[in-house]
Amino acid sequence: MQPPPDETRRDAAEDTQWSRPECQVWTGTLLLGTCLLYCARVSMPVCAASMSQDFGWNKKEAGVVLSSFFWGYCLTQVVGGHLGDRIGGEKVILLSASAWGFITVATPLLAHLGSAHLAFMTFSRILTGLLQGVYFPALTSLLSQKVRESERAFTYSTVGAGSQFGTLVTGAVGSLLLDWYGWPSVFYFSGGLTLLWVGYVYRCLLSERGPSSHLDGFHVDLPPPSDLILALGILAQGLPVSRHTKVPWRQLFRKPSVWAAIISQLSAACSFFILLSWLPTFFKETFPSSKGWVFNVVPWLVAIPASLLSGLLSDHLINQGYRTITVRKFMQVMGLGLSSVFALCLGHTSSFCNSVVFASASIGLQTFNHSGISVNIQDLAPSCAGFLFGVVGVCLGGYLIETTGSWTSVFNLVATISSLGLCTFLVFGKAQRVDLSPAHEDL
């Protein structure tokens, strides 16, 4: 008697998961990759005020440049998840990092190509968004396939901590480079480090001849480097989806839990990226005499241990016997609920110290989303987690700040969006898999 199809799929998935040595190496590598992703991403927010002075941008024009990243970012989310599910998230990540690293290094050159500074910078940010949009969907797909469920929250939160660490590095080092050498040096710094990381990953992890092909005596079955070009081939040729990667779309989108995850993820993304993009400008305009290395560093310094704590706490509670969905919802109460309270406080204080405390608390608590909704998407449908992550967009972040004339109303809107996502997830959220069906359907 043959085992049921669902059980066979589970056994096959377990065979492809990383061993502990492999998982440790990849977790550290992806942590650094996420760090560099955010180094490049926040270079523009850190430099926005200085660039506005050099090029004569008003606040609306600066808002166009900052928000243009998200218009590009949301367009490649589904592409990143699709490619990650098809050819492997690690290859998609390497390709995207190569491209955004080059564009980041070239940004100062593009700014001085002609007199149309605004157009060139907007184009550069859209292109950077397009290239970075594939990263997290591919990462989600990779971790859902390679990491054991009992370790998934900690691994995801550890890798996710790179976002805070990257913002911290650019906030600290970037602020100093900005004062000493001008804003172009910030882009050279973040883009150059990204290209060095790409070289390391390609040479040591994705090459059969690399030193990481054998870890502590364990053989790592790594794909040949030539497989990297398959990403472009799949997009160009439109190859049909193979049977084992067909996505049960009708089954998925009939589930209230899937829509709850989508709405909650949308809320979390909008809230986070509004704060990420505009907090430097908020502090510089509201408190002109404040030091950039303070407000660009402290909130993210708090967020790093908070992200790690959330992953450890989540895995500990699950291992202690608490229901998975109960733990996920608790994390969302912290990540969307309590963080929105501090966002409200941020919009109603005139004290610099209080503003730094409230911003730090709000951003730090938002990292609990790494162990809540981000992992819940993998609980629901690991076989197409990249797709589900890619369904949601973050383009509202730029639109909201462009159409809002008051900092208080922006923070109030952040709290409202977070509350909406939290309530939806608390009512309809589940953690049972919904993609295990023998009858998978095409898109």
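A residue counts as buried under 20% relative accessible area, as exposed over 50% and as partly exposed in between, with a 1.4 Å probe and protein chains only. By that definition C35 is buried, because its relative accessibility is 4%. The model is predicted: local features need pLDDT of at least 70, side-chain atom pairs count only at pLDDT 80 or more, and totals for chains, interfaces and linings use all residues. Residues are numbered from 1 along each chain as its sequence is written, and side-chain values use heavy atoms, with hydrogens and water left out.

**Overall make-up**

- The chain has 21 helices and two strands, both taken as DSSP runs numbered from the N terminus (helices H or I, at least four residues; strands E, at least two).
- Of the 443 residues in the chain, 58% are buried.
- Contacts are defined by heavy atoms within 4.5 Å. Among those between residues at least 6 apart in sequence, 84% join residues at least 24 apart.

**Cysteines**

- A disulfide is a pair of cysteine sulfur atoms within 2.5 Å, and the whole structure contains zero disulfides.
- C35 is in no disulfide, and the nearest cysteine sulfur, that of C39, lies 4.2 Å away.
- C345 has a relative accessibility of 28% and therefore counts as partly exposed.

- V169 lies in helix α9, which covers residues 149-181.
- V169 is buried because its relative accessible area is 17%.
- Leaving aside residues up to four places away in sequence, V169 touches C35, C39, G174 and F189.
- V169 and W300 are 131 residues apart along the chain, and their C-alpha atoms are separated by 9.1 Å.

**Salt bridge**

- The structure holds one salt bridge, the term meaning a side-chain nitrogen of Lys or Arg within 4 Å of a carboxyl oxygen of Asp or Glu.
- E90 and K91 form a salt bridge, with the closest N and O atoms 3.5 Å apart.
- Both E90 and K91 are buried.

- For the packing values, axes are lines fitted to C-alpha atoms, for helices over the stretch in contact, and angles run from 0 to 180 degrees between N-to-C directions.
- Angles under 35 degrees count as roughly parallel, over 145 as roughly antiparallel, 65 to 115 as roughly perpendicular and the rest as oblique.
- A crossing is left-handed if the near helix is turned anticlockwise from the far one by less than a right angle, and right-handed if clockwise.
- Helix α6 (residues 89-111) packs with helix α8 (residues 135-146) at an angle of about 160°, their axes being 8 Å apart. The two helices are therefore roughly antiparallel.
- The α6 and α8 crossing is left-handed, and G89, E90, V92, I93 and W100 in α6 meet Y135, A138, L139 and L142 in α8.
- The axes of helix α2 (residues 20-41) and α6 cross at roughly 30° and come within 11 Å. Helix α2 is therefore roughly parallel to α6.
- The α2 and α6 crossing is also left-handed; here W26, L30, G33, L36, L37 and A40 in α2 meet E90, I93, W100 and T104 in α6.

**P108 within α6**

- P108 is placed in helix α6 and counts as buried because its relative accessibility is 3%.
- Not counting residues up to four places away in sequence, P108 touches W183, P184, F187 and Y188.
- From P108 to F120 the separation is 12 residues in sequence and 10.0 Å in space, C-alpha to C-alpha.
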